[in-house]
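Dear colleague,

I am handing over the structure below, and after it you will find my notes on what turned up. Please read them alongside the coordinates.

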Amino acid sequence: MTVPVTREQGLEWLRQMIRIRRFEERAAELYQLGKIRGFLHLYIGEEAVAVGSIPSFTHEDAIVATYREHGHALVRGTSMDALMAELYGKATGCARGRGGSMHFFDAARRFYGGLAIVAGGLPVAVGLALADKMQGRNRVTACYFGDGAVAEGEFHESLNLAALWKLPVLFLCENNLYAMGTALARHQSQTDITAKAQAYALPAEAVDGMDVVAVAAATSRTIDFVRSGKGPYFLEYRTYRFRAHSMYDAELYRTKDEVAEWKRRDPITTFEQTLRQAGLLADTDLEQMESRIAAEVEEAVAFAEAGPWEPIEDLKKDVYTHP
Amino acid sequence: MAKITYREAVRAGLREALQRDSRVFLMGEDVGKYGGTYACSKGFLDEFGPERIRDTPLSESTFVGAGIGAALGGMRPIVEVMTVNFSLLALDQILNNAATLRHMSGGQFSVPLVVRMATGAGRQVAAQHSHSLEGWYAHIPGIRVLTPATVTDARGMLLTALQEPDPVFIFEHAYLYSMEGELEEGPPAVDISRAAVRRTGKDVSLITFGGSLWKTLAAATSLAQEGIEAEVMDLRVLRPLDINSVLTSVRKTHRAVVIDEAWRTGSFAAEISAQIMEGVFYDLDSPVARVCSEEVPIPYPKHLEDAALPQPDKIVQAVHTLLGR
Ligand SMILES: Cc1ncc(C[n+]2csc(CCOP(=O)(O)OP(=O)(O)O)c2C)c(N)n1
Ligand SMILES: [Mg+2]
């Protein structure tokens, strides 16, 4: 595990990872209580990816993510209140409660979802980047997707088009080794995902997605590449999901040993150790951090509980701008 | 009044759109060097350059999706999907992204995208190139579906569509590109919310859209020779549907035939028929009739293709049946 540059930076990364973890642990409890319904895909285990990468983008840059996007939105800066309210389906949520867990949106932060069709965000990201290029804006579009997406036609079409037109998009594959229950090797003839990107003449590399420092370093370096007008770049984050695909599954597709092995590489505990060993983290730092986050989570729950439901009269609002 | 072809009308609309607004660009398969599959963008690559006239790879899903992204990013893309037959590869982007984003984001994002495509049968291009699926698209809330049948609409609907903040899909019947028509006077941009009466009559309402308009008008002409005055209603816009104009006409004529080139089962004609029943059931003197395509993949030989599609004589016959003749 690489050591962060400053104490401040290290503590911030740790704090953000713990925020995501505690937010989601609470969400899982609320799910058991029936407060949150539908699909709830937890990011637990993968926090280093969002935390290391998202802050490397400027406020002008765009983010396109998947249904497993709680962490991305939190780190991007959408308030935990608005996100928890969205999980509840309340009108005070970040999409007025209409999307729930899979569909976080935040126009002010150029957060374009929360898109739940596997690989469906790639073409949209390509288009956002095209608009920037055509309007001469020096912005980058970040496009997150899972390893499952590489099997879809849109993955291949989008990489090709972005490379062909030299568009400022950063393709960010969160490879957690499984698409639901299907391991990469069981659905891909070529399991080296970067090789696929290279086939479309994209520069591509893989990075340890359990190491927040490595994620941050690789992401900001590749953002610089894209921002300098050299075209798209492809990053694969090697990571692992600790929980079920959605709230429940029997996890027949992997062994307990495998999960336990990966948990030894938990991005939060390992980073905590690294910080301690480097003398950058004291017990009191952690206690303070945890108690502030606990308060933030409870406030978010209270906010969500207190929020109103969107009135049924507004059901058809915003199907069209001018109905 | 100037006579021009439908193809020239589409081209004039596109050209004007590109001249008016620097955010507008055209993207699709063979829109540039080739000049457009139906020659609607001939010469544009030279006139507007490769930044604004973009030849794409054969990647329907991705270039439609990129149109959505570019629209979100402040551009006004016109995406040409070569024909409706290939648009199925882009259905995911259309249904799950273009149509949902505004509502699902709680009104935060809208998608000012225009997608054009050729549709329809009648050119002996067989089963995989003869689909009429605009009725499928009209099923989807969140998008607008236009079916210009006249040269005035072919030019003008595009211009109005580009003013819309939401996705608009324009279906140009491939059979019409070579048809000549008179360009009506008036501002080029036309209304895209109302149906139009193309011929007035009192005995029966013939309700149709797109390529079938001309067959329906031909049927009305021959009915007139027998003394039957048919009113011909061109829906123009399938979603949001101007059902009130249809109901007004049926209230007057008490009889309706819906003509639709799609297969009968689950067709847009079925929707019109249902809405007439819901709206003016007690004004009807007979059940609503439909003239649609036969339920077969459209065959290649001319005699079989003709037999599969709505034709003026079939429309005339349907009217005769309604009137008990
Ligand atoms: C086009 C499509 N097919 C199937 C699904 C159902 N589905 C939802 S998530 C998922 C697995 C995706 O795996 P991956 O891309 O690796 O993302 P992860 O869940 O691991 O983050 C599947 C098959 C879907 N949402 N979209
Ligand atoms: Mg996966």
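A:Arg110 sits in the loop between helix H4 (80-88) and S2 of chain A, and in this predicted model A:Arg110 takes a positive phi of about 50 degrees although it is not a glycine. With a relative accessible area of 8%, A:Arg110 is buried, because buried here means under 20%. A second residue of chain A that is not a glycine, A:Met180, also has a positive phi of about 50 degrees; A:Met180 belongs to the loop between S5 and strand S6 (182-183) of chain A, and with a relative accessible area of 52% A:Met180 is exposed.

Two peptide bonds deserve a look as well. The bond from A:Gly113 to A:Gly114 is cis, with omega near 20 degrees, and A:Gly114 is part of strand S2 (residues 111-114) of chain A. In chain B, a cis peptide bond joins B:Arg239 and B:Pro240, with omega about -5 degrees, and B:Pro240 is placed in the loop between S12 and helix H9 (243-253) of chain B.

Turning to the metal, which residues coordinate the magnesium ion (ligand 2)? The donors are A:Asp147 through OD, A:Asn176 through OD1 and A:Tyr178 through O, at 2.0 to 2.1 Å, and along the chain they follow the spacing D-x28-N-x1-Y. Distant parts of the chain are linked in this way, since A:Asp147 lies in the loop between strand S3 (141-146) and helix H6 (153-164) of chain A, while A:Tyr178 lies in strand S5 (residues 178-179) of chain A, 31 residues apart. A:Asp147 counts as buried at 1% relative accessibility, and A:Tyr178 counts as buried at 9%.

The largest pocket holds about 440 Å³ of space, and among the 30 residues that line it, A:Thr66, A:Tyr67, A:Val118, A:Gly146 and A:His245 are the closest to its centre. Strand S1 (62-65), helix H5 (121-134), S3 and S5 of chain A each supply at least two residues of this lining, with the largest share, 3 residues, coming from S3(A). By class, the lining of the largest pocket divides into 17 nonpolar, 8 polar and 5 charged residues.

The second largest pocket has a volume of about 280 Å³ and is lined by 14 residues, of which B:Ala138, B:His139, B:Arg239, B:Phe268 and B:Glu271 lie nearest its centre. Two or more residues of that lining come from each of helix H6 (134-137), strand S12 (237-239) and helix H10 (268-280) of chain B, and the largest share, 3 residues, comes from H10(B). The lining of the second largest pocket has 7 nonpolar, 5 polar and 2 charged residues.

Chain B is divided into domain 1 (2-183) and domain 2 (196-322), whose C-alpha centres lie 26 Å apart, and the contact between them takes 28 residues from domain 1 and 24 residues from domain 2. Each of these domains gives at least three residues to the lining of the second largest pocket.

How many cavities of 30 Å³ or more does the structure hold? There are 4, and the largest cavity has about 70 Å³ of space. Its lining includes B:His131, B:Trp263 and B:Leu309, and strand S13 (residues 256-263) of chain B gives the most to this lining, with 3 residues. By class, the lining of the largest cavity has 6 nonpolar, 4 polar and 1 charged residues. Why does the largest cavity lie between domain 1 (2-183) and domain 2 (196-322) of chain B? The reason is that both domains give residues to its lining.

The second largest cavity has about 60 Å³ of space, and its lining includes B:Glu134, B:His173, B:Phe209 and B:Asp260. Here too the largest share, 3 residues, comes from S13(B), while the classes are 2 nonpolar, 5 polar and 3 charged residues. Domain 1 (2-183) and domain 2 (196-322) of chain B both give residues to the lining of the second largest cavity, so this cavity lies between them.

With best regards

How values were computed. Residues are numbered from 1 along each chain as its sequence is written. Chains are lettered from A and ligands numbered from 1 in the order in which they are written. This is a predicted model: local features need pLDDT of at least 70, side-chain atom pairs count only at pLDDT 80 or more; totals for chains, interfaces and linings use all residues. Side-chain values use heavy atoms; hydrogens and water are left out. Donors are N, O and S atoms within 2.8 Å of the metal (3.2 Å for Na, K and Ca); water is not among the atoms, so sites may look incomplete. Helices (H or I, at least four residues) and strands (E, at least two) are DSSP runs, numbered from the N terminus. Buried means under 20% relative accessible area, exposed over 50%, partly exposed in between (1.4 Å probe, protein chains only). On a 1 Å grid over the protein atoms alone, a cavity is a set of points where a 1.4 Å probe fits but cannot get out, and a pocket is an open set with protein on both sides within 12 Å along at least five of seven lines; lining residues have an atom within 4 Å of a point. Grid points are joined across faces, edges and corners, and a volume is the space filled by probe spheres set on the points. Ala, Val, Leu, Ile, Met, Phe, Trp, Tyr, Cys and Pro count as nonpolar, Asp, Glu, Lys and Arg as charged, and the others, Gly among them, as polar. Domain bounds come from an automatic or database domain assignment. Contact means heavy atoms within 4.5 Å.
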